[in-house]
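Visitor: Please take me through this structure, one feature at a time.

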Amino acid sequence: MEIAASPVRLPQGMALCVYRVVQEALTNVLKHAGPTRAAVTIRYERRTIVVCVTDEGDGTFRPNKEMSPGHGLIGMRERAKIYGGSVTAGPRALGGFEVRLTLPAPTTSDRPGGLPAPGTGDVPIR
């Protein structure tokens with residue numbers, strides 16, 4: 001995992017959104033990419049948080065016989081939309097696959113006094 005820039009505190013729901021999108025994307029790597037390597041990158045930009053899960057697979061879809069007809073990408077997009085974000089997914093130009101979550105960064109004005117109150121559930125994402 002690579003983290004670019006200083007981590008920021010995310011509201012609990014938004015942190016859970018990041019966690020679940022990464023979890024689902026890595027599950028999809030295991031199910032569909034075949035033998036490969038995966039990477040998770042979190043970039044904290046001025047107005048956005050960008051989370052990328054990439055793999056080096058050959059791009060061939062490998063259905064798992066035990067696989068249910070999932071709704072993984074739909075669920076990821078719905079989670080992101082709740083927080084004003086988006087999810088894109090598709091093959092990478094140099095091979096492999098990428099899932100990219102983009103969320104608006106919480107601002108200090110999102111919280112009274114600019115800081116999380118103790119016990120409010122804000123959690124750091126590292």
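Guide: Start with contact, defined as heavy atoms within 4.5 Å. This is a predicted model, in which local features need pLDDT of at least 70 and side-chain atom pairs count only at pLDDT 80 or more, whereas totals for chains, interfaces and linings use all residues. Residues are numbered from 1 along each chain as its sequence is written, and side-chain values use heavy atoms, with hydrogens and water left out.

Visitor: Which residues does Thr-54 touch, not counting residues up to four places away in sequence?

Guide: Thr-54 touches Arg-37, Ala-38, Ala-39, Arg-92, Phe-97 and Glu-98. Over the protein chain, contacts between residues at least 6 apart in sequence include 64% that join residues at least 24 apart.

Visitor: How many helices and strands does the secondary structure of the protein chain come to?

Guide: Helices (H or I, at least four residues) and strands (E, at least two) are DSSP runs, numbered from the N terminus. Here there are two helices and seven strands, in the order β-β-α-β-β-α-β-β-β from the N terminus on. Thr-54 is found in strand E4.

Visitor: Is Thr-54 buried or exposed?

Guide: Buried stands for under 20% relative accessible area, exposed for over 50%, and partly exposed for values in between (1.4 Å probe, protein chains only). Thr-54 counts as buried because its relative accessibility is 16%. Its strand, E4 (residues 48-55), is mostly covered, with seven of its eight residues buried. In the protein chain of 126 residues, buried ones make up 31%. Pro-11, with a relative accessible area of 30%, is partly exposed. Pro-11 lies in the loop between strand E2 (9-10) and H1. The C-alpha atoms of Pro-11 and Pro-106 are separated by 8.0 Å, although the two are 95 residues apart along the chain.

Visitor: How many bridges join strand E3 to E4?

Guide: Two strands pair if DSSP finds at least two bridges between them. Strand E3 (residues 38-44) is joined to E4 by seven bridges, and the two run antiparallel. They form a hairpin with three residues between them. In E4, Val-50 is the bridge partner of Arg-43, and Ile-49 is that of Tyr-44.

Visitor: Over how many bridges do E4 and strand E6 pair?

Guide: E4 pairs with E6 (residues 97-104) over eight bridges, in the antiparallel sense. Glu-98 in E6 is the bridge partner of Thr-54, and Arg-100 in E6 stands opposite Cys-52. E6 also pairs with strand E5 (residues 86-91), again in the antiparallel sense, over six bridges. Phe-97 in E6 is the bridge partner of Pro-91. E5 and E6 form a hairpin with five residues between them, and Gly-95 in the turn has a positive phi of about 105°.

Visitor: Which residues have the most contacts inside the largest nonpolar core?

Guide: In soluble globular proteins, nonpolar side chains tend to be buried together. A nonpolar core is a set of buried Ala, Val, Leu, Ile, Met, Phe, Trp, Tyr and Cys residues joined through side-chain atoms within 4.5 Å. The largest has 21 residues, and those with the most contacts inside it are Val-18, Ile-49, Val-51, Leu-101 and Leu-103. Two or more residues of this core come from each of helix H1 (12-32), E3, E4, helix H2 (72-82) and E6. H1 gives the most, with seven residues. Leaving aside its neighbours within four places in sequence, Ile-49 is in contact with residues including Val-8, Leu-10, Ile-42, Leu-101 and Leu-103.

Visitor: At what angle do the axes of H1 and H2 cross?

Guide: Two packed helices are described by the angle between their axes and the distance between the axes. Axes are lines fitted to C-alpha atoms, for helices over the stretch in contact, with angles from 0 to 180 degrees between N-to-C directions. The axes of H1 and H2 come within 10 Å and cross at roughly 165°. That makes H1 roughly antiparallel to H2, a label for angles over 145 degrees; those under 35 count as roughly parallel, 65 to 115 as roughly perpendicular and the rest as oblique.

Visitor: Is the crossing of H1 and H2 left-handed or right-handed?

Guide: A crossing is left-handed if the near helix is turned anticlockwise from the far one by less than a right angle, and right-handed if clockwise. The crossing of H1 and H2 is left-handed. Cys-17, Arg-20, Val-21, Glu-24, Ala-25 and Asn-28 in H1 meet Gly-72, Met-76, Arg-79 and Ala-80 in H2.
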